[in-house]
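My entries follow the order in which I looked.

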Amino acid sequence: MIRVAAPLLFATLGEMFSERGGVLNLGIEGIMLLGAMVGFSAAYFSGNLWIGIFTAALTGITFGALMGLLTVTLGLSQHVSGLSITMVCSGLAFYGYRLVFGQPSQPPNVEPFEALSVPLLSDIPFFGPVLFDHFALVYIGFLLVPLAAFLLYRTPWGLNLRTVGENPQAAASAGVRVAWVRYQALMISGALFGIGGAYFSLAQFNAFTFGVISGRGWVCIALVVLGRWDPWRCAVAALLFGAVDALQLRLQSSGVIDLPYQIFLMLPFLVTVVAMAVLARNARAPAALLIPYRREER
Amino acid sequence: MRLVLEPRAHTPTWLNISLPVLALLATLVLCSGLILLAGAGVIQAYTALFKGAFGSKFNFVETLVKAAPLIFTGLAVAVAFRAKFWNIGAEGQLLAGAMAAAFIGAREGLPIWSFIPLMIICGFIAGGLWAALPAVLKLRYRVDDVVATLMLNFVMFYLMLALVDGPWKDPLSGYPDSPDILMDAEYPILLHNTRLHLGVLLAGITAVLVWLLMTRTTLGFAIRAVGENARAAAHGGLPVARVVFVTAVLSGGLAGLAGVGEVAGLHFQVMASLSPGYGYTGIVIAMLARLNTLGVIPAAIFFAAIATGAETMSRTTGVPVFLADVIQGMSLICMLVALLFTTYRLRIRGSEKV
């Protein structure tokens, strides 16, 4: 459950940052896919997984900046810009993979991350193995939650970001450079998408396949809404989703309930919709989400 | 000194024509770098792509056949976006329509003449219902429509997989696909010895009908009014929620018809690979057409041409076929930027404080 939740946590926190700044980043699915591909290739040829993660983050930053160019500088529709970035990134990921690896009969793979047990703590019965026996990336993912909360609520930068997302006019008159803050938020989100994507190809599957992300990026958009744009709640939402995902795997293999396995695959998406119907009524998105900001329009 | 965007008072005609062309050229130039990376000649690759799309009667028909579902999904998205109902769910609605068509088409004992009309009607209803669900969720429970429609795509996809791998599994082939529909339920072929089927013609006719609906009827007016300013529309006495609901059903129904065409005209069954993302491509097509329902036709043919042409290009020059995806996404970005300059102009301004 924690292993399933970790990559979603990266991407969900990334999306949270960009939406807090007022930009819905639908590039998430494509950037994750490209991150998975680039990260995998980099790790495959360098033999170092961390180089893979780093390259994936850089790729994400690049496309986060492109998203900024389209939606912040040019003020284009956030929906369409995001979707077009997803299209370009998925295309690039497939194209690049075919170019680098051709059409191998056996997909190439990398040595995955080794589980890093925390001494002493991992010996605690039950909780030890559940909480303290994971890849290093998992710990980083969970350390990111308090870090994100600190950045968002306790630093001047976080205050600026939140103001930019709620009331860019007020932020601008207080001397905040709205566009630059949004660019920063988008680049952070891109980096986190890239890492989240690379997690799948480097830590989970140890290989890049065309279905490596298959909709998980979109799920993160919903998780942000469920988590009400708050790092802690987002983490809970990601964990819950991970739990449902782990549960469906368990139910599938146990054979206790005799249903086609596709029904279980559907479950996370269905649960997300139902959860949103129950919870979304109270959700309040950042006020300036989806609205481009132009100085002249004051 | 810095660059600023200024709204234009009016758009010169030459800009309206030249900017989209320029966007297209920019796309091809940007993507030529990828072709060079693949070690092929740029001119050869693009020539092969063009020939593959339009070079012979056979290729041109294939392009049109591929354009048909894209016209339907493009229309679906254009209608929904006009009312600001962000329907990202054309993919799932297409599958719903396809499944309805496959169900009707395989029924024995129906009068022969009734198959095609029934498949069309039921496909429309199935797609419409699958879009009605997120519309209700949006209107009653304030669930974000982007997220809801997106999630429901996956629900429908896995539902279809469960069906074709279970109760609908073809007993003859044993593969996870549904049994073929009856011969009488197939769309007639319009051009001898090709795959040009009735659905292609229907797509064109539907585009004109939807254009008439959007520009010449009160419903079309209501849809546009709600999209432009929902609050003003409500003040003017329009039942906004009902308009959004009807728009969603119409949009989903159109996407459903894309599925009907794929089943009745091309595959004669449903299986996992039925739609290579036609629903998502429909979004791009609708945007390229600037939500103009007639503009959907050339945009869909352009995308279909790239998809069919890329296969030929891949065979003859070895450039991976996925170049098509990059070109499609890139063309959208370039077109968005180009269209921006039809309404804004770039000005260099001194560094005075604003």
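**Chain B against chain A.** I looked for polar contacts first (a pair of N or O atoms within 3.5 Å; within protein, one must be able to donate a hydrogen and the other to accept it, and residues adjacent in sequence count only if both atoms are side-chain atoms), and found three residue pairs between chain B and chain A, both residues being at pLDDT 80 or more. For salt bridges (a side-chain nitrogen of Lys or Arg within 4 Å of a carboxyl oxygen of Asp or Glu), the count between chain B and chain A is zero.

I noted that this is a predicted model, in which local features need pLDDT of at least 70 and side-chain atom pairs count only at pLDDT 80 or more, while totals for chains, interfaces and linings use all residues. Residues are numbered from 1 along each chain as its sequence is written, chains are lettered from A and ligands numbered from 1 in the order in which they are written, and side-chain values use heavy atoms, with hydrogens and water left out.

Taking contact as heavy atoms within 4.5 Å, I got 48 residues from chain B and 47 residues from chain A. The buried area (the accessible area, with a 1.4 Å probe, that two parts lose on being put together, summed over both) is about 4,300 Å², and carbon and sulfur atoms give 80% of this. Of the area that chain B buries against chain A, M151(B), Y158(B) and F322(B) supply 16%, more than any other three residues.

Among the elements (DSSP runs numbered from the N terminus: helices, H or I, of at least four residues, and strands, E, of at least two) that give two or more residues to this side of chain B are α1 (13-37), α5 (115-141) and α6 (145-165). The largest share, 12 residues, comes from α6(B).

**Helix α7 of chain B.** Its 19 residues (198-216) should span 27 Å at 1.5 Å a residue, and the end C-alpha atoms are 26 Å apart, which agrees; the expected span is 1.5 Å times one less than the number of residues. I used buried for under 20% relative accessible area, exposed for over 50% and partly exposed in between (1.4 Å probe, protein chains only), and the buried residues of α7(B) include A207(B), V210(B) and M214(B). Their cover includes α3 (57-82), α8 (218-228), α10 (240-267) and α12 (296-317) of chain B.

**What does T293(B) touch?** T293(B) sits in the loop between α11 and α12 of chain B and counts as buried at 5% relative accessibility. Leaving aside neighbours within four places in sequence, T293(B) is in contact with L75(B), A78(B), A207(B), V210(B), W211(B) and M214(B).

**Salt bridges.** In one of them R195(B) pairs with E62(B), the closest N and O atoms being 2.8 Å apart; R195(B) is in the loop between α6 and α7 of chain B and E62(B) in helix α3 of chain B, 133 residues apart. R195(B) is partly exposed at 41% relative accessible area, whereas E62(B) is buried at 14%.

K66(B) and E311(B) also meet in a salt bridge (3.5 Å, N to O). K66(B) lies in helix α3 of chain B and E311(B) in helix α12 of chain B, so this pair ties together parts 245 residues apart in sequence.
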